[in-house]
Amino acid sequence: MSNLMNQSFALPCGQVIKNRVCKAAMTERIAKGNNLAHQGHANLYDRWADGDMGILLTGNVQIDRRNLEGPANVVIDENNYKDQYDALKDWSAAGTKNNTQLWMQISHAGRQTPGEINSSPLAPSNIGLKNSR
Ligand SMILES: Cc1cc2nc3c(=O)[nH]c(=O)nc-3n(C[C@H](O)[C@H](O)[C@H](O)COP(=O)(O)O)c2cc1C
């Protein structure tokens, strides 16, 4: 890695990022059962954290199962959080090894919710996406 890419920097909040490499949010779509995180998420981020990234942004982790971005999104809600507590801890531990930052993208898909998931998604306004549905 070039010297600049390898330079650490501090955010105003005090968090220090070890280099300038950030993995973009990429939806995993591998949740199981009741939209649960599992060992597969930990395995994936364990591998990425081995890649010397400064920040790993997770894919969408949803707060409302009626408005997913896609099938098999992880959802954390009052009905399932206890069932995936350990898996979420393992995912976090895997993605933060080697002094890597793991930033969970906490999401609500809003108007980007696919019609096959919800034909009347909840969104801040009733303006639909161009060229969709
Ligand atoms: C396979 C794939 C999955 C993605 N999933 C998400 C996601 O879950 N959340 C998000 O905000 N952006 C997602 N994106 C968008 C990327 O994070 C990124 O913003 C986008 O690819 C633009 O970056 P690029 O110009 O370097 O490709 C995804 C992109 C790809 C290609």
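# A working chat about the predicted model

Me: Asn 35, buried or exposed?
Reply: Asn 35 counts as buried, because 21 C-beta neighbours lie inside 10 Å. Buried takes 20 or more other C-beta atoms within 10 Å of a residue's own, exposed takes 12 or fewer, and partly exposed is in between, with C-beta atoms placed from the backbone.

Me: What kind of model is this, and how are residues numbered?
Reply: This is a predicted model: local features need pLDDT of at least 70, side-chain atom pairs count only at pLDDT 80 or more, and totals for chains, interfaces and linings use all residues. Residues are numbered from 1 along each chain, as its sequence is written.

Me: Back to Asn 35. Where does it lie?
Reply: In the loop between strand 3 (22–23) and helix 1. Asn 35 is not a glycine, yet its phi is positive, about 55 degrees.

Me: Which residue in the loop between helix 2 and strand 6 has a positive phi although it is not a glycine?
Reply: Asn 99, which sits in that loop. Its phi is about 60 degrees. Asn 99 is partly exposed, because it has 13 other C-beta atoms within 10 Å.

Me: Zooming out. How many helices and strands does the protein chain have?
Reply: There are 2 helices and 6 strands. Both kinds are DSSP runs, numbered from the N terminus: helices are H or I with at least four residues, strands are E with at least two. From the N terminus on, the order is β-β-β-α-β-β-α-β.

Me: What does the C-alpha trace span along its principal axes?
Reply: About 50 × 35 × 25 Å. The chain has 133 residues, and buried residues make up 23% of them.

Me: What share of the contacts with a separation of 6 or more comes from residues 24 or more positions apart?
Reply: 69%. Two residues are in contact if their C-beta atoms, placed from the backbone, lie within 7 Å.

Me: On to helix 1. Which residues in it are buried?
Reply: His 41, Tyr 45 and Ala 49, in a helix that runs over residues 39–49. They cover an arc of only 65 degrees around the axis, which puts them on the same side of helix 1. The arc is that of the directions from the helix axis to the C-beta atoms.

Me: What covers the buried residues of helix 1?
Reply: The cover includes strand 4 (55–62), helix 2 (85–95) and strand 6 (101–107).

Me: And what does His 41 touch?
Reply: Glu 28, Ile 30, Ala 87 and Trp 91, leaving out residues up to four places away in sequence. His 41 is buried because 26 other C-beta atoms lie within 10 Å. His 41 and Ser 92 are 51 residues apart in sequence, and 9.3 Å apart in space, C-alpha to C-alpha.

Me: Helix 2 now. Which of its residues are buried?
Reply: Trp 91, Ala 94 and Gly 95 are the buried residues of helix 2. They cover an arc of only 90 degrees around the axis, which puts them on the same side of helix 2. They pack against helix 1, strand 4 and strand 6. The face turned away from the buried side carries the exposed residues Tyr 85, Asp 86 and Lys 89.

Me: At what angle do the axes of helix 1 and helix 2 cross?
Reply: Roughly 5 degrees, and the axes come within 7 Å. Axes are lines fitted to C-alpha atoms, for helices over the stretch in contact, and angles run from 0 to 180 degrees between N-to-C directions. Helix 1 and helix 2 are therefore roughly parallel to each other. Under 35 degrees counts as roughly parallel, over 145 as roughly antiparallel, 65 to 115 as roughly perpendicular and the rest as oblique.

Me: Which residues meet there?
Reply: From helix 1, Gln 39, His 41, Ala 42, Tyr 45, Asp 46 and Ala 49 meet Ala 87, Asp 90, Trp 91, Ala 94 and Gly 95 in helix 2. The residues of this contact divide into 6 nonpolar, 3 polar and 2 charged. Ala, Val, Leu, Ile, Met, Phe, Trp, Tyr, Cys and Pro count as nonpolar, Asp, Glu, Lys and Arg as charged, and the others, Gly among them, as polar.

Me: Last one. Which residues are around the ligand?
Reply: Ala 24, Ala 25, Met 26, Thr 27, Gly 59, Asn 60 and Gln 105. A residue is near a molecule or strand if its C-beta atom, placed from the backbone, lies within 6 Å of it. The shell divides into 3 nonpolar, 4 polar and no charged residues.
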